[in-house]
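Me: I am new to this structure and would like a close look at one part of it, the salt bridges. Please go through them one at a time and say where the partners sit.

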Amino acid sequence: MSQPIGQTRWAIAEGYIPGYGNGPEPQFTSHETACLLNTSNEDAHVEILIYFADREPVGPYRVTVPARRTKHLRFNDLSDPQPIPLDTDYACVIESDVPIVVQHTRLDSRQAENALLSTIAYPSS
């Protein structure tokens, strides 16, 4: 690919990690995921800032997406500077030093009939 696709700033206004799941772990653990696609020839150094309704933002969480690769990052797995709280509404801003594409996915497995939500994040320049 001659030119990378995507943007350097993205927002996911809707975030919520259910506190429990139904089914075998880790496949059926309720979770939120940011799917990060880096089509450039350079590694993407990504920072994520988490916003809450009732407290100050937390972050940045830092992750690298290698050149010409994808990374599916579960918000449940973020721990530094602190874990994302379960059963809590949040939103996030994702910034990268090279253009990337961000998709947001949630698996809600609180019931035996699982629900999967997926949408493209909001790109901002």
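Reply: A residue counts as exposed when its relative accessible area is over 50%, as buried when that area is under 20%, and as partly exposed in between. D54 reaches 60% relative accessibility, so D54 counts as exposed. The model is predicted, and the pairs below should be read with that in mind.

Some background on the chain comes before the pairs. The protein has 8 strands and 0 helices, so that from the N terminus on its elements read β-β-β-β-β-β-β-β. Of its 125 residues, 38% count as buried. Among contacts with a separation of 6 or more, 71% are between residues 24 or more positions apart.

A search of the whole structure finds 3 salt bridges. In one of them, D54 is paired with R55, with 3.2 Å from N to O. As said, D54 is exposed; R55, at 38% relative accessibility, is partly exposed.

Another salt bridge joins the side chains of R9 and E95, at 3.3 Å from N to O. R9 belongs to strand β1 (residues 7-15) and E95 to strand β6 (residues 90-108), so this pair ties together parts that are 86 residues apart in sequence. R9 has a relative accessibility of 35% and therefore counts as partly exposed. E95 is partly exposed as well, its relative accessible area being 37%.

The remaining pair is E47 and R62, whose closest N and O atoms are 3.0 Å apart. With a relative accessible area of 36%, E47 is partly exposed. R62 has 61%, which is over the 50% cut-off, so R62 is exposed.

As for confidence, the pLDDT of the protein averages 84, and 75% of the residues score at least 70.

Finally, the surface as a whole: the accessible surface of the protein comes to about 7200 Å², and carbon and sulfur atoms account for 49% of it.

Conventions: Residues are numbered from 1 along each chain as its sequence is written. This is a predicted model: local features need pLDDT of at least 70, side-chain atom pairs count only at pLDDT 80 or more; totals for chains, interfaces and linings use all residues. Side-chain values use heavy atoms; hydrogens and water are left out. Helices (H or I, at least four residues) and strands (E, at least two) are DSSP runs, numbered from the N terminus. Buried means under 20% relative accessible area, exposed over 50%, partly exposed in between (1.4 Å probe, protein chains only). Contact means heavy atoms within 4.5 Å. Accessible areas come from the Shrake-Rupley method with a 1.4 Å probe; for residues, only the protein chains shown count as cover. pLDDT is the predictor's confidence in each residue, from 0 to 100. A salt bridge is a side-chain nitrogen of Lys or Arg within 4 Å of a carboxyl oxygen of Asp or Glu.
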